[in-house]
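Hi,

Here is the structure I promised to pass on.

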Amino acid sequence: MTSAPIVVHRPSFSGGRRVTVHTRGHDEILGTAYSDHDLVVFLEGAGVAEPEAILDDPQWVEWRGGHAHEFSAA
């Protein structure tokens, strides 16, 4: 497990980034985000209050394998 409960994984070869949340002892895949808007929608669906406010908070979100907020193909 990472220190952050939400992980935005590296961009895929076709674009988009898988988003997972660590809860109840395991990682749950929320979906593939193609924009910050998609990411916010996934986090709202997972019950995160005010997800826009945590996107750049490393205690909540870990951006892996690429720059934060970039969703283009690898």
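What volume does the largest pocket have? It comes to about 160 Å³. A pocket here is an open set of points on a 1 Å grid over the protein atoms alone, where a 1.4 Å probe fits, with protein on both sides within 12 Å along at least five of seven lines. Points are joined across faces, edges and corners, and the volume is the space filled by probe spheres set on them.

Before the rest, some housekeeping: this is a predicted model, with local features needing pLDDT of at least 70 and side-chain atom pairs counting only at pLDDT 80 or more, while totals for chains, interfaces and linings use all residues. Residues are numbered from 1 along each chain as its sequence is written, and side-chain values use heavy atoms, leaving out hydrogens and water.

Back to the pocket. Its lining (residues with an atom within 4 Å of a point) includes P5, I6, H22, R24, E28 and W60. By type, the lining divides into 7 nonpolar, 3 polar and 2 charged residues. Nonpolar covers Ala, Val, Leu, Ile, Met, Phe, Trp, Tyr, Cys and Pro, charged covers Asp, Glu, Lys and Arg, and the others, Gly among them, are polar. Strand β2 (17-23) gives the most, 3 residues, and β2 and β3 (26-33) each supply at least two. Strands are DSSP E runs of at least two residues and helices H or I runs of at least four, numbered from the N terminus.

Now the sheet. It is open, with 4 strands in the order β3-β2-β1-β4 and mixed pairing; a pair needs at least two DSSP bridges. The edges are β3 and β4 (61-63), each pairing on one side only. From one strand to the next, the twist averages 20°.

β2 and β3 run antiparallel, joined by 7 bridges, and T23 stands opposite H26 in β3. Together they form a hairpin with 2 residues between them, and R24 in that turn has a positive phi of about 50°.

Axes are lines fitted to C-alpha atoms, for helices over the stretch in contact, and angles run from 0 to 180 degrees between N-to-C directions.

Lastly, V7 sits in β1 (6-11). V7 counts as buried because its relative accessibility is 6%, the cut-off being under 20% with a 1.4 Å probe and protein chains only.

Cheers

Definitions and conventions:
Buried < 20%, exposed > 50% of the residue type's maximum accessible area, 1.4 Å probe, protein only.
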